[in-house]
Amino acid sequence: QVDDLVAKGVAVRFVGDKNLFPASVRASCAMIEQSTAHGAALQVQLLFCYGGRQEIVATAQHVARLVAEGALHPDEINEDLFARSLWTG
């Protein structure tokens with residue numbers, strides 16, 4: 001029960017390529033993540049459709065889009081920015 005997780009202060013995150021999740025599963029994951037977002041007692045990350053290389057490529061694509069949109073200057077790319085942009089960041 002999501003209510004039990006909220007009551008116990010558990011934050012749940014689903015990590016991975018969510019585009020590969022069925023639509024009904026994406027909706028359920030989003031609801032659980034939103035409902036438990038403020039949990040501070042325990043953080044649980046569930047990895048589905050996940051691979052380390054996949055995460056690095058997705059993060060590089062995300063950062064490249066930010067540069068292409070003008071929201072980020074290439075000189076601003078550093079380890080900290082990259083780490084924060086990772087799915088597991």
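Predicted model: local features only at pLDDT ≥ 70, side-chain atom pairs only at ≥ 80, totals over all residues.
Residues are numbered from 1 along each chain as its sequence is written, and side-chain values use heavy atoms, with hydrogens and water left out.

**Helix H3**

I looked up H3, residues 52-68, and found 17 residues reaching 24 Å from the first C-alpha to the last. I took helices (H or I, at least four residues) and strands (E, at least two) as DSSP runs, numbered from the N terminus.

Next I asked which residues of H3 are buried, where buried means under 20% relative accessible area, exposed over 50% and partly exposed in between (1.4 Å probe, protein chains only). They are Glu55, Thr59 and Val63. The face turned away from that buried side carries the exposed residues Arg53 and Ala68. After H3 comes Gly70, with a positive phi near 85 degrees.

**Aromatic rings**

I then turned to rings of Phe, Tyr and Trp (its six-membered ring), which pair if their centres lie within 6.5 Å; planes under 30 degrees apart count as stacked, over 60 as edge-to-face and the rest as tilted. The structure holds three such pairs. Phe14 and Phe48 are stacked, because their ring centres are 6.3 Å apart and their planes lie at 25 degrees. Phe14 sits in strand E1 (residues 10-15) and Phe48 in the loop between strand E2 (42-47) and H3, 34 residues apart. Phe14 is buried at 9%, whereas Phe48 is partly exposed at 42%.

Technical notes:
Expected span 1.5 Å × (residues − 1).
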